[in-house]
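My entries follow in the order in which I made them.

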Amino acid sequence: VQFCEKFNYEVGLMPTEGQLRRHGQYGLAKAIQRSGGYGSVARRLQWSSHRERSRRVGDHFKNALVEQLNQLLRDLGYGNTPTLPPKRVIRQVDPALMNQIESIPGGYQRLARMMKGTIGQKPRRRRRVSVDGKRLHKKYWTDLSLVRNELLAASKTTPLRIPNYVLISGAELNRSGNGDLARICSQLGGHERVARLLGMCTWKDFQYFCELQWLMTELLLVPDIQNGVLPPLKWFFDSGRCTIGRSIIRLGGITLLAARLGLRPTNRRRSDLNWGPFSLRRALELLSLALMEGQVINGMITMPSLERLYQMGHEELAVFVKSMGGEELAARRLGLGLPTSLRHRSIHTAMPNHCKI
């Protein structure tokens, strides 16, 4: 009581801890905490706390809103019906009242429960999807060849230039009005599993190779690349080539990308990653050829075999693949799948003896 009278606070309203500490009453604040807290002390003194005061004020405000809403409903002719009009009706008649109703926790639904009524809603119209009747039956999707044809037809309706061996993403299917195809892919196990079943690759994997192809093309224009040196990330961002810098970060960073491309990073830390000779221009030609061929096995775009390269007249690319250590090492270095001729080999044959499981 002395504290409230001295600092002009209301007697009968429990002061807060912040008010006590603001006026240097640290001992009084600790005594209240040791006595059970502010709520317990307020109940023993028969004082009201700020929380109770705000609750009473809030209940008074809600009761006032209920009275105003009842008066408005009587003016609109609703009377004592248990069904309340939608919010848009009240907002058109009295927007200020609707704003006050929406400002309380729970909004219009809270007042409807206090009035023991329900809110009438406008019936929603079902969205019509322009699909054939046969696509509505589940048995239609049991044939994977039909699923592939539907996906290829859907990919032609998008503005993206998607090759036939790439599975369109679920977002593009929904955007082009083929949400039923996206749901079927989810029911069959997801886009990655559907891509493996149909002999296709996912849109995400295809974007990865397109980004790697674009990055190789841009790196050929960097002066230090001709000397076998990959500049640091700071150089790309300072020279205004931020897109190249972000692409390098997404593809593994400077150290890993330099090792993959046979370049030497300019950072002070010594890198032990040395994967042998490499030609950026030849690798770009080989990657472009693999994307053009579009041979997909188990969801991975495969690298053309040496036999296929000789048949197509790319003897220089065949020599380049041999210089990197063969088909398997070249495919792994570019992130491509193994050629068909190496599919029968076990993973143990490609590992040293001390690394076998």
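**Surface and overall make-up**

I began with the accessible surface of the protein, which comes to about 22500 Å², and I noted that 51% of this surface belongs to carbon and sulfur atoms. I keep in mind throughout that I am reading a predicted model.

I then looked up the burial for the protein as a whole, and found that buried residues make up 38% of its 357 residues. For the secondary structure I wrote down 20 helices and 8 strands. Turning to contacts with a separation of 6 or more, I noted that 55% of them are accounted for by residues 24 or more positions apart.

**Cysteines**

How many disulfides does the structure hold? I found 0.

**Ser169**

Where does Ser169 sit in the chain? I placed Ser169 in the loop between strand 3, which covers 166–167, and helix 10, which covers 170–175. Although Ser169 lies in a loop, I recorded Ser169 as buried, because its relative accessibility of 17% is under the 20% limit. Which residues is Ser169 in contact with, leaving aside its neighbours within four places in sequence? I listed His191 and Trp203 as its contacts on that basis.

Notes: Residues numbered from 1 in each chain as written. Predicted model: local features only at pLDDT ≥ 70, side-chain atom pairs only at ≥ 80, totals over all residues. Heavy atoms only, no water. Disulfide = S-S within 2.5 Å. Helix = DSSP H or I, 4+ residues; strand = E, 2+ residues; numbered from the N terminus. Buried < 20%, exposed > 50% of the residue type's maximum accessible area, 1.4 Å probe, protein only. Contact = heavy atoms within 4.5 Å. Areas by Shrake-Rupley, 256 points an atom, 1.4 Å probe, with all protein chains shown as cover.
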